[in-house]
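Biologist: I'm new to this one. Could you pick a single part and take me through it closely?

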Amino acid sequence: MRNCFLAMASIAMLFSSCSNDKNEITDENQSKVDMSDFYVYTDASVDEAQRLAEGRNVCHSMVNLNRQLNENPELEKKMYDVEYHTRLFKATNKPGNGGGNPNGGGSGDVDELPIDDGLGIINIPVYVHVIYSNTNENISNAQIASQITVLNDDFRKTNSDASLLPAEFDNDITDSEIEFTLAGTYRHSDSKSSWGTNDAVKAAYPPISPSTHLNIWVCNIGGGILGYAQFPGGSLSTDGIVVGTQYFGNTGYVAAPFNGGRTTTHEVGHYLNLRHIWGDGRCNRDDFVADTPKSDAPNYGCPSYPTVNCKSNDMTMNYMDYVDDACMYMFSDGQRNRMRALFAAGGAREDMIN
Ligand SMILES: [Zn+2]
């Protein structure tokens, strides 16, 4: 039944994609799209609960996705379509001199070249919703500004700690050429002191223009959870990311070791369709990015290099791992291509740049 569904979905995409001549869809390109490894359901609900029980701080995006998939039978098909479009984008567009480093020469890791999609610098306008139950949580404008600065540094590879990168990954670190501008801040005093991860904060304070703006809710989530994002393909009424107050920005009311603003960088990565670096499964599960080596679990703290899992060195310093803020400092060229596909013609976040 599942294979039948996927085949039907594939045929549906074939016809809908043919009508879009901007992508220069050809039979040859479509034959390059292999969806056989795609998945949306994971064991995250069990895995993240186990990590929390062990005292770890975690991201709840994959658990949130499991919940939304259960609540909305149409979501799996929508995410399949987003993935198909992403893979078709990669098959259709030739790698070029984009913002990444096209030079090979790594010591054995898979290289992926940045695609020059002709879109230039992409700017995402951001609305920040601050929901507070005490004065500490009513964070300063300076704290909000610090988060926007961190986002821009991390997505444009102007973060100073990029210099820590081991030589093995020199050819992988990327400038995504995606930027962020604060478009407005909304503050709400609320007696509720802990919001959880079931989108309650979004129901109380709905997103503003979510098809054209990234909405970020900053509130106390509770339970050791740093933040959670919604993947592209989900409902507009809950689109955006939620970040725990003390993990937002790098100055003011922040808590070490997640006081570098990297929780938001990580969650925006999910919002732009990036999976966790270990694929939320064992070695046979992937994050659909070729130049991030396979791994079987998250890393924590500040790992020493090399950290070997699944017969390769983990890219522990990638923003989509679980390490401390001070020890994550890169996206890869493959992740850049995956994120930017969303903004190309027919992409799930195309409306943001029009
Ligand atoms: Zn995550």
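This is a predicted model: local features need pLDDT of at least 70, side-chain atom pairs count only at pLDDT 80 or more; totals for chains, interfaces and linings use all residues.

Modeller: Ala44, Ser45 and Glu48 in α3 come up against Met62, Val63 and Asn66 in α4. Sorted by type, the residues of this α3 and α4 contact are three nonpolar, two polar and one charged. As for the geometry, helix α3 covers residues 44–53 and helix α4 covers residues 61–71, and the two pack at an angle of about 145° with their axes 8 Å apart. Their crossing is left-handed.

Now for the setting. The protein has nine helices and eight strands, and 46% of its 354 residues count as buried. Among the contacts with a separation of 6 or more, 71% are between residues 24 or more positions apart.

Another helix worth a look is α6, residues 141–155. Buried in α6 are Ile144, Ser146, Gln147, Val150, Leu151, Asp154 and Phe155. They cover an arc of only 155° around the axis, so they sit on the same side of α6. Over on the other side of α6, Asn141 and Ala142 are exposed. What do the buried residues of α6 pack against? Their partners are β2 (122–132), β3 (178–189) and α8 (262–271). Finally, just after α6, lysine 157 takes a positive phi of about 60°.

Methods. Residues are numbered from 1 along each chain as its sequence is written. Axes are lines fitted to C-alpha atoms, for helices over the stretch in contact, and angles run from 0 to 180 degrees between N-to-C directions. Helices (H or I, at least four residues) and strands (E, at least two) are DSSP runs, numbered from the N terminus. A crossing is left-handed if the near helix is turned anticlockwise from the far one by less than a right angle, and right-handed if clockwise. Two residues are in contact if their C-beta atoms, placed from the backbone, lie within 7 Å. Ala, Val, Leu, Ile, Met, Phe, Trp, Tyr, Cys and Pro count as nonpolar, Asp, Glu, Lys and Arg as charged, and the others, Gly among them, as polar. A residue is buried if 20 or more other C-beta atoms lie within 10 Å of its own, exposed if 12 or fewer, and partly exposed in between; C-beta atoms are placed from the backbone. The expected span of a helix is 1.5 Å times one less than its number of residues. The arc is that of the directions from the helix axis to the C-beta atoms.
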